[in-house]
Amino acid sequence: MVDHAPFMQAAIEEARKGRAAGGIPIGSVLVLDGEIIGRGHNQRVQKGSTIRHAEMDCFEEAGRLPASTYQRSTLYSTLSPCDMCSGAVLLYGIPHVVVGENKTFQGPEDYVRSRGVNVEVLDDAECIAMMEEFIEAEPTLWNEDIGE
């Protein structure tokens with residue numbers, strides 16, 4: 001059994017880095033064979049981007065990889081991936097996604113599961129608290145991030 005704690009902690013560190021820079025506290029890491037090969041955090045605010053969610057930033061930071069690498073990887077995200085980020089998971093054939101929490105926002109987890117992806121939700125208290133605090137402090141920015 002895989003110990004998710006160190007990888008989720010790395011994703012949380014990314015989320016905190018994003019928030020410290022004035023952005024949205026969501027972080028992600030891509031793991032292959034027990035090693036982090038990509039990491040990122042939501043940088044929509046910092047980069048003035050429409051697509052730089054944590055998972056997309058993580059993929060960008062990992063760089064161009066062969067399909068066989070993605071197909072053996074696990075994606076960790078502090079928050080349930082949205083439609084866009086879930087689409088990237090499906091496009092690249094990532095078989096396993098570990099989600100810190102889906103209480104404050106839930107992406108299309110059932111659809112992703114129906115496509116054969118193992119989606120695990122940890123209900124991590126630190127991830128929940130981080131997002132609840134952010135949503136309360138920055139509701140307009142949060143709604144922009146989720147397309148509302």
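**Helix H5 and its surroundings**

Analyst: Helix H5 is followed by Gly93, which has a positive phi near 70 degrees. Helices (H or I, at least four residues) and strands (E, at least two) are DSSP runs, numbered from the N terminus. This is a predicted model, in which local features need pLDDT of at least 70 and side-chain atom pairs count only at pLDDT 80 or more, while totals for chains, interfaces and linings use all residues. Residues are numbered from 1 along each chain as its sequence is written, and side-chain values use heavy atoms, with hydrogens and water left out.

User: Which residues of helix H5 are buried?

Analyst: In H5, residues 83–92, they are Cys85, Ser86, Ala88, Val89 and Leu90. Buried means under 20% relative accessible area, exposed over 50%, and partly exposed in between (1.4 Å probe, protein chains only).

User: And what covers the buried residues of H5?

Analyst: The cover includes H3, strand E3 (73–79), strand E4 (96–101) and helix H6 (109–114). Contact here means heavy atoms within 4.5 Å.

User: OK, strand E3. Which residue is found there?

Analyst: Thr78 is one of the residues in strand E3. Thr78 counts as buried, at 1% relative accessibility. Leaving aside neighbours within four places in sequence, Thr78 is in contact with residues including Met8, Ile12, Pro25, Gly100 and Met130.

User: Change of topic: aromatic pairs. How many are there?

Analyst: The count is 6 aromatic pairs. The rule is that rings of Phe, Tyr and Trp (its six-membered ring) pair if their centres lie within 6.5 Å; planes under 30 degrees apart count as stacked, over 60 as edge-to-face and the rest as tilted.

User: What kind of pair do Phe59 and Tyr70 make?

Analyst: The ring centres of Phe59 and Tyr70 are 6.2 Å apart and the planes are at 85 degrees, so this pair is edge-to-face. Phe59 lies in helix H3 (residues 54–62) and Tyr70 in helix H4 (residues 67–70), so the pair ties together parts that are 11 residues apart in sequence.

User: Are those two buried or exposed?

Analyst: Phe59 is buried, with a relative accessible area of 8%, and Tyr70 is buried at 5%. Ring pairs also link Phe59, Tyr70 and Tyr92 into a cluster.

User: Back to phi. What about Asp33?

Analyst: Asp33 is not a glycine, but it has a positive phi of about 50 degrees. Asp33 sits in the loop between strand E1 (27–32) and strand E2 (35–41), and counts as exposed at 61% relative accessibility.

User: And where does Asp123 lie?

Analyst: Asp123 is in the loop between strand E5 (118–121) and helix H7 (125–137). Its phi is near 50 degrees, a positive value in a residue other than glycine. Asp123 is exposed, with a relative accessible area of 52%.

User: Now the whole thing. How many helices and strands?

Analyst: The protein has 8 helices and 5 strands. Along the sequence the pattern is α-β-β-α-α-α-β-α-β-α-β-α-α.
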